[in-house]
Amino acid sequence: MKYCKLGLAIATAGALLATPVIASETVSVWMRYGENERPVLDKLVAEFNSQTGHEVDLFLANTDFETRLARAAAGGNLPDIIVNDATAIGQLLEMGVVREIDRASFVGGDEIFDVAWDSTLGPDGKHYGVPTSAQAFAVFVRKDWREALGLEKPQTWEELFELARAFTEDDPDGNGEADTYGYVMPVSATRGYATWFLSDLIWQAGGAFVSDDGGTFHATLNTAEVATGVEFGRSFICAGYAQPAAITATTGDTTPVFASGQAGIYRSGPYHIAPLYGEPGKDLVEVILPPAGPAGRDSLGEGEAAFITVTSEIPEIAQSFIEFLVSEKGQRLGMAEGMDSSPIVRLSVNKSVDTLAVRQDEGWATFAEQFGEAGHYFPRVPNWKPIRQMTADGFNRILADCDSDIGAELAAMDGIVNAELDRQGVLSK
Amino acid sequence: MQSKPRQWQWAVPWLFLAPALIVFTWFKFVPIAKGMVMSLHNMKFFGPDEWVGLAHYERAISDSALHAAVGNTLLYVIVSTVVGGVLAFCVALALQDQARHVRIIRTAIFIPAVTSVAILSEIWRIVFYPAANGVANSFIALFYIPAQSWMADPDQALYVVILLQIWKSIPYNMVIFLAGLAGINRELYDAADVDGANVWRKLWHVTLPGLIPAFSVVIMLSFIRGFRVFTEIYTTTGGGPAGRTEVIMTVIFKTGFERLDYGYAAAVSFLLVAFTVLLTVLHITIKNRISRF
């Protein structure tokens with residue numbers, strides 16, 4: 001009996017030694033999402049926990065995300081993972097808070113679209129993040145208004161302008177009052193909105209913000225193409241076909257303008273599908289491809305990415321969470337498949353996930369088509385954010401005054417952008 | 001035996017002040033000192049900060065965007081102080097009666113002073129919504145004035161936000177003037193009556209000299225409030241359109257929290273603090289000179 005007990009003890013000890021003991025760790029993750037996305041994230045985290053045994057401590061903030069991050073960095077309290085707009089990479093690198101990702105050893109890395117991987121490249125050609133979601137911008141239109149006025153879906157700038165005119169002047173809601181507008185434009189300089197909005201029109205006109213001279217850049221705003229794009233944007237405001245107060249509006253102001261039926265054309269991303277299908281309503285709204293300008297119908301391509309911080313003491317486990325997030329399973333969960341909740345993955349970055357099969361919606365199909373065919377990323381300068389802000393200040397000045405000299409203003413902006421490129425050490429000589 | 005407690009008497013006021021002083025030191029003076037240090041560095045967030053000496057201050061001197069904001073701030077301060085002060089003085093004169101209905105009006109007038117700025121700004125945005133059927137445009141339409149763009153018009157925006165500041169500061173200033181009016185010796189008015197002084201003479205020779213301390217407080221508070229104005233601008237126009245309502249504080253905010261250039265933002269903040277202190281000292285000196293006469 002005594003030997004039997006001893007044998008059992010030895011066998012147990014042997015079994016314990018043979019199985020590697022993995023201590024459960026807690027990965028702290030900061031994400032630029034709000035409470036609407038929490039149900040999806042909770043499900044993701046629960047699945048990760050059941051697969052790996054590791055816990056995830058989530059912190060969500062939609063507003064002032066960068067400010068909070070800066071405070072955390074200054075106080076030495078960074079999380080293990082940051083999930084933010086991919087365009088934030090320049091700022092994160094300038095702050096020196098994110099670490100390199102080895103694409104070769106990243107499990108499932110070859111499943112991710114190359115164009116998505118490109119969004120996380122640093123100026124040195126190395127990856128500093130992992131793309132988690134992608135999207136491009138398209139145009140929401142009040143379908144009921146358009147049909148009531150007997151107009152076709154606009155495919156060119158001219159048709160878009162005519163639609164905006166008709167929505168403003170021809171009483172599309174039939175209430176007998178001149179209380180509707182055409183194009184909803186968020187063109188405040190705040191946080192760079194004017195640039196964010198006008199970028200589509202500039203590219204559609206064949207213009208560019210900067211020219212990439214192979215690792216160095218120079219500003220190319222003072223061109224006839226950029227002027228054409230900006231002037232087309234301004235024509236809506238000066239003709240009175242944009243909503244009032246467009247010049248000081250951010251998206252926080254504009255979404256209610258479209259949702260409440262004050263205006264009928266809204267350029268936005270797929271994240272607005274769910275709210276706008278709710279109000280004004282799925283039957284009243286349609287998503288159309290951006291009407292083409294002289295050079296095509298390019299629109300802003302954006303995405304989100306996950307970054308591992310330099311302070312993380314558990315980078316392997318942090319990476320395993322990101323690997324799960326971009327895996328087929330993680331992406332499907334992130335798309336809120338089968339859930340009535342806001343997704344964190346708009347268009348999947350994983351080649352194995354058929355976005356359209358998961359979504360089964362015409363609006364989503366349009367966004368996917370636009371991203372695939374005409375998604376256009378902001379230029380990959382080391383830190384785009386200050387340039388976005390500077391150009392937005394300039395565009396806002398142009399749009400605020402219907403008589404302003406666009407060429408002179410663009411020439412001044414070229415000087416300002418070149419000075420910033422010089423500060424970042426990438427100005428072409 | 002009696003001399004011992006007297007020896008420590010100097011400490012009594014400090015002991016009473018201690019709680020406030022400790023809190024102020026921790027939450028005001030220490031951050032100010034840290035801001036000063038920050039302004040001499042390029043903040044790296046991570047790793048050692050880079051010492052740049054007075055480079056940020058030199059940059060402030062040649063920063064044209066900051067200069068434009070300083071110009072806007074000066075206009076904001078001067079117009080809001082003068083108009084807000086004069087109007088508040090008139091309202092105080094009209095409401096210095098003790099009748100019950102006056103108290104109701106006083107309360108109504110005081111509401112903007114105790115309402116959150118964010119709410120006032122939202123009201124302003126609704127009132128001055130630049131559509132033809134906006135509140136302000138509907139009102140001026142009664143006088144056959146065409147619809148205005150208000151805060152969306154680069155030439156009007158600053159004045160519309162100044163109007164918000166005036167609306168908000170009138171009740172505050174009014175209370176200070178009312179307190180000042182109550183403190184004027186009634187016998188001076190009686191004496192003036194005996195001398196046969198009319199209303200304007202009494203206002204000029206009795207009321208106004210008696211209100212110098214009140215004017216002084218109103219001007220000083222308006223100046224300080226005006227120079228560090230932020231919420232009123234940020235929540236209505238965000239500094240636009242075309243940067244025409246950009247003020248010193250919105251520039252600091254954007255530099256610090258949107259561009260994360262903490263060093264430069266700290267330098268500009270410090271210049272603003274130094275300027276405010278200078279202004280306060282100057283004001284007190286002038287006030288003392290005047291009250292001597």
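In this predicted model, A:Tyr181 is placed opposite A:Ala263, a residue of β9(A). The two strands concerned, β6(A) and β9 (residues 263-268) of chain A, run parallel and are joined by three bridges. They belong to an open sheet of four strands in chain A, whose order is β6-β9-β5-β10 and whose pairing is mixed. Because β6 (181-184) and β10 (285-288) of chain A each have a single partner strand, they stand at the edges, and one side of each is left without a neighbour in the sheet. On average, and with direction ignored, neighbouring strands of this sheet are turned by 20 degrees against each other. In general, the strands of a sheet pair through backbone hydrogen bonds, in either a parallel or an antiparallel manner.

| Helix pair | Axis separation | Angle | Handedness of crossing |
|---|---|---|---|
| α8(A) and α9(A) | within 7 Å | roughly 130 degrees | right-handed |
| α9(B) and α10(B) | 10 Å | about 140 degrees | right-handed |

In chain A, the helices are α8 (residues 193-204) and α9 (residues 224-238), and their crossing angle of roughly 130 degrees is one that makes them oblique to each other. From α8(A), the residues A:Leu198, A:Leu201, A:Ile202 and A:Gln204 meet A:Val226, A:Gly229, A:Val230, A:Phe232 and A:Gly233 of α9(A). Sorted by class, this contact holds six nonpolar and three polar residues, with no charged residues.

In chain B, the helices are α9 (residues 186-194) and α10 (residues 199-210), which pack at an angle of about 140 degrees. This angle makes α9(B) oblique to α10(B). The contact is formed by B:Leu188, B:Tyr189 and B:Ala192 of α9(B) together with B:Arg201, B:Lys202, B:His205 and B:Val206 of α10(B). Here the residues divide into four nonpolar, one polar and two charged.

Elsewhere in chain B, helix α13 (residues 248-258) is mostly covered, since eight of its eleven residues are buried. These buried residues are B:Ile248, B:Met249, B:Thr250, B:Val251, B:Ile252, B:Lys254, B:Thr255 and B:Gly256. Just after α13(B), the backbone at B:Leu260 takes a positive phi of about 60 degrees.

A:Asp102, by contrast, is exposed, because there are 11 other C-beta atoms within 10 Å and a residue counts as exposed at 12 or fewer. A:Asp102 lies in the loop between α4 and α5 (114-118) of chain A. Between A:Asp102 and A:Pro154 there are 52 residues of separation in sequence, while their C-alpha atoms are 45 Å apart in space.

The two chains also touch, with 25 residues of chain A in contact with 22 residues of chain B. On the chain A side, α3 (65-74), α4 (89-95) and α16 (384-400) each supply at least two of the residues that touch chain B. The largest share, six residues, comes from α16(A). By class, the chain A residues of this contact divide into eleven nonpolar, eight polar and six charged.

Methods: Residues numbered from 1 in each chain as written. Chains lettered and ligands numbered in written order. Predicted model: local features only at pLDDT ≥ 70, side-chain atom pairs only at ≥ 80, totals over all residues. Contact = placed C-beta atoms within 7 Å. Nonpolar A, V, L, I, M, F, W, Y, C, P; charged D, E, K, R; others polar. Axes fitted to C-alpha atoms, helices over the stretch in contact; angles between N-to-C directions. Parallel < 35°, antiparallel > 145°, perpendicular 65-115°, else oblique. Left-handed = near helix turned anticlockwise from the far one by under 90°. Buried ≥ 20, exposed ≤ 12 C-beta atoms within 10 Å, placed from the backbone. Pairing = 2+ DSSP bridges.
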